[in-house]
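Here is a short briefing for a reader who is new to this structure. Look over the sequence and the model before reading on.

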Amino acid sequence: MTEPVRYETEGEIALITIDNPPVNALGHAVRQGLVAAIERFEEDDARIAVLLGAGRLFLGGADISEFGKPPQDPWLPEVVNRIEDCTKPVVAAIHGAALGGGLEVALGCHYRVALPGTKLGLPEVTLGILPGAGGTQRTPRLTGMAKALEMITSGVPIGPDDALASGLIDRIGDGDAPSAGIAFATDLLSDGAERRPVGALPRPTADAEAVAATEATLEKRARGLVAPQHAMRAVIAASEHDLEAGLAEERRLFNELMETPQREGLIHAFFLERKVSQLPEIDGVSPREVGHVGVIGGGTMGAGIATAALLSGLRVTLIERDTAAADKARATIEKNLAGAVKRGKLAEDKRDEILSDAFATGTDHAALSDADLAIEAVFESMEVKREVFEALDAVMKPGAILATNTSYLDVNEIAAATKRPADVIGLHFFSPAHVMKLLEVVVADQTAADVTATAFALAKRLRKIAVRAGVCDGFIGNRMLSHYRGAADRLVLMGASPFQIDRALTEFGFAMGPFAVADLAGLDIGFMTRERKAATRDRRDVVPTWADELYHLGRLGQKTGRGYYIYEDGARGGTPDPEVETLIAKAREDAGITPREVTDDEIVRRYMAAMVNEGARVVGEGIARRPLDVDAVKLFGYGFPRYRGGPMKWADMQGLDGLLGDIRAWEANDPFFWAPAPLLETLVSDNRNFDSLNDRA
Ligand code: 3HC
Ligand code: NAI
């Protein structure tokens, strides 16, 4: 093993290099090595030190995997203080990224140079904590309160130009980090520059205006989150106290955050985002080349998928039923790309180039003869899909992949329409497909491993999070959704209004409640799904007759201005429609139910228990490989609050025995819906949690 911290000298300059792949996280060995290197530098003849990170970036921050374990000396704040107290000047030479504790180490240095393209940031709030190694005290001493508050409460990193302008760094360097660091150190030596500890700078001037602006932003963007509020208080402390007292306040607030479930949920989310793509079945398997993608069907989904593919540099041919539909799809895609230009995500000339060189529409499948991958997004009908797959099979080259974006249908049956079922896979995008992060990769019985590997590689290229799912009605996400929507409909029959349910669940942290979502998607979608499932309906299904009636009344939600809510003049937010309550009262009466008071707490408990119970079935049946795959689907496709880590993580944090106890109690009155998942029962009787299954291969 190489040393995590190397010490070398070049003439009068000491080079201290942190080498802890993959991101030079500041784990215990690195912290020890850094202190030892500073001590050695103080003792030898070098006059100035340059601190560097080996590999692709400077420092990725504290080692997040150590959180929650007993702390080991030296702590990061002590290491930063030790660097700042070094008797000779230390320069940080930053490339790639200096994040969190990584930037705090740089702030402990006396000078900072960064290369172009570097990201400098304090993203701790995104992990439910705050910069705990002096970042909240040293940053505002360099940048002033407004900039520090913005950086630290948002967690969004800045680039070197911004960092230079705000005083966070002293210089933008050229070449690689060692040469930029050595050049700066040489200039400092020749100028006779001395140590310049940031902590010795006067405390920043209080800025009531910046604090008020931050409060307003957090109110809007960080509802329910504890960390940004704590982070704000820590920065304010910098303007109120000397360094030592400010650091103590930072530590106190940091320690409080370490104990919160939000911290646990957010760190779970950080790791699962990376773990979802670690699949033994594709480990070491090379993906197939994908340069040209065919999209069949250019409606809501097809147009979004084509936009996503074009934005990531792929060539796209879109096939529609007729020229009018193809032109409509083209217009939607042009609008999507114009939106990307407007938001600064795409240069105007690049957009023109995409539209003229990389994008074509047509009505003949033959145009896909040289495509590497076709993604079908036609109507949700097995008959139509089978026809399309037969046609694709006839024209596509050997080795090309045929994918379906079906929401519910059997991918094995679709694959059977071709002579190459090994090349068929489900790629289930979410609407709007050029925005939503989730991609469910539905692996059918005969799907080849390199086809699955290609799907994961494609997701990465599209900057999406791919989750492996097995074949069943609705895969992971929609199958679970059907179930917990059933819990919401049961709550309505019991006595809760859709509006109370939406409110309770948005209070819990969901981006939207299920009835507002239904209005957004269109009440026709739910109606069609119920129709499709009517033949196989079992006693677990409550039929929301009020929703059927809304459908028959033509109240399809936002698109018709009225659904559960009334939308004035195309407004996105609606007001509760009192007539819905009348329809529901009638449904209760027809079912012989006397409504009762339902608390918000009961709403959350039942809705979440239904979600977790079905999630446990999905894992138990192998449709999802691990509980974390379920968490990823809900976090990135269904607006589940990230700070709760996902439903399975939430369940672990609640305690599975209590959850199972609730389910068993409700089972007495509603045995089909509330039958406990066998996996949940096994885990409780073994005294284990869902997380114990996350490390399995
Ligand atoms: N600690 C431990 N592991 C880390 C880590 C960290 N700070 N940052 C990344 N990793 C791990 C990832 O889990 C991943 O592991 P895997 O290969 O086993 O899945 C591996 O390093 C590579 O990470 P990425 O796939 O994310 O690599 P990228 O090149 O895409 O991105 C990065 C690099 C921008 C540094 C990104 O990893 C990142 O954003 N990391 C987190 C940065 C951060 O939040 N730092 C603050 C930490 S908290 C802190 O410093 C507290 C302090 O104030 C006291
Ligand atoms: P849509 O109705 O908006 O679009 C379907 C398009 O397919 C239409 O433009 C139609 O002209 C075209 N089409 C139909 N038959 C065709 C054929 N034989 N050849 C070429 N084009 C044909 O439907 P939407 O919402 O885009 O759904 C498409 C698929 O995506 C469905 O399977 C649906 O279940 C799935 N899906 C839908 C989501 C959504 O939120 N709308 C989310 C995820 C998946």
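Predicted model: local features only at pLDDT ≥ 70, side-chain atom pairs only at ≥ 80, totals over all residues.

An open sheet is built from 8 strands, in the order β11-β10-β9-β12-β13-β14-β15-β16, and its pairing is mixed. Two strands lie at the edges, β11 (359–362) and β16 (465–469), and each of them pairs on one side only. On average, neighbouring strands of this sheet are turned by 25° against each other, with direction ignored.

- Helix α25 (residues 627–637) packs on the sheet. The helix touches β15 (438–442) and β16, and its direction makes about 135° with that of β16.
- Inside the sheet, strand β9 (residues 292–296) pairs with strand β10 (residues 315–319). The sense is parallel, and the pairing runs over 5 bridges.
- Within this pair, Gly294 of the chain has Thr317 in β10 standing opposite.
- Arg463 sits in the loop between α17 (449–461) and β16. Its phi is near 60°, which is a positive value in a residue other than glycine.

**Domains and record annotations**

- An unreviewed UniProt entry places "domain: 3-hydroxyacyl-CoA dehydrogenase NAD binding" at residues 292–469. Over residues 292–469 the chain is 42% helix and 21% strand. The end C-alpha atoms of that stretch are 25 Å apart.
- The UniProt annotation "domain: 3-hydroxyacyl-CoA dehydrogenase C-terminal", also from an unreviewed entry, covers residues 474–567 and 603–688.
- Residues 603–688 are 66% helix and 0% strand. Here the end C-alpha atoms are 26 Å apart.

**The six-stranded sheet**

- Another open sheet has 6 strands, in the order β1-β2-β3-β4-β6-β8, with mixed pairing.
- The edges are held by β1 and β8 (171–172). Each has a single partner strand, so one side of each is left without a neighbour in the sheet.
- Strand β1 (residues 5–10) and strand β2 (residues 13–18) pair in the antiparallel sense, over 6 bridges.
- Two facing pairs can be named here. Glu8 has Leu15 in β2 as its bridge partner, and Arg6 stands opposite Thr17 in β2.
- β1 and β2 form a hairpin with 2 residues between the strands. In this hairpin, Gly11 takes a positive phi near 60°.

**Around ligand 1**

- Ligand 1 is surrounded by 24 residues. The closest are Gly60, Gly61, Ala62, Gly100 and Gly101.
- Three elements each supply at least two residues of this shell: β5 (97–99), α3 (101–108) and α11 (261–275).
- By class, the shell around ligand 1 divides into 13 nonpolar, 7 polar and 4 charged residues.

**Around ligand 2**

- Ligand 2 has 24 residues around it, of which Gly297, Gly299, Met301, Ser407 and Ser431 come nearest.
- At least two residues of the shell around ligand 2 come from each of α12 (300–311), α15 (382–395) and β14 (424–429).
- Which element gives the most to the shell around ligand 2? Helix α12 does, with 3 residues.
- The classes in the shell around ligand 2 are 11 nonpolar, 10 polar and 3 charged residues.

**Cis peptide bonds**

- Ser431, one of the residues that come nearest to ligand 2, is joined to Pro432 by a cis peptide bond. Omega is about -5° at this bond.
- Pro432 has its place in the loop between β14 and β15.
- A cis peptide bond also joins Asp73 and Pro74, with omega about -10°.
- Pro74 lies in the loop between β3 (48–53) and α2 (76–85).

Key. Residues numbered from 1 in each chain as written. Chains lettered and ligands numbered in written order. Near = placed C-beta within 6 Å. Helix = DSSP H or I, 4+ residues; strand = E, 2+ residues; numbered from the N terminus. Nonpolar A, V, L, I, M, F, W, Y, C, P; charged D, E, K, R; others polar. Pairing = 2+ DSSP bridges. Axes fitted to C-alpha atoms, helices over the stretch in contact; angles between N-to-C directions. Contact = placed C-beta atoms within 7 Å. UniProt positions renumbered as here; feature names shortened; annotations may be inferred.
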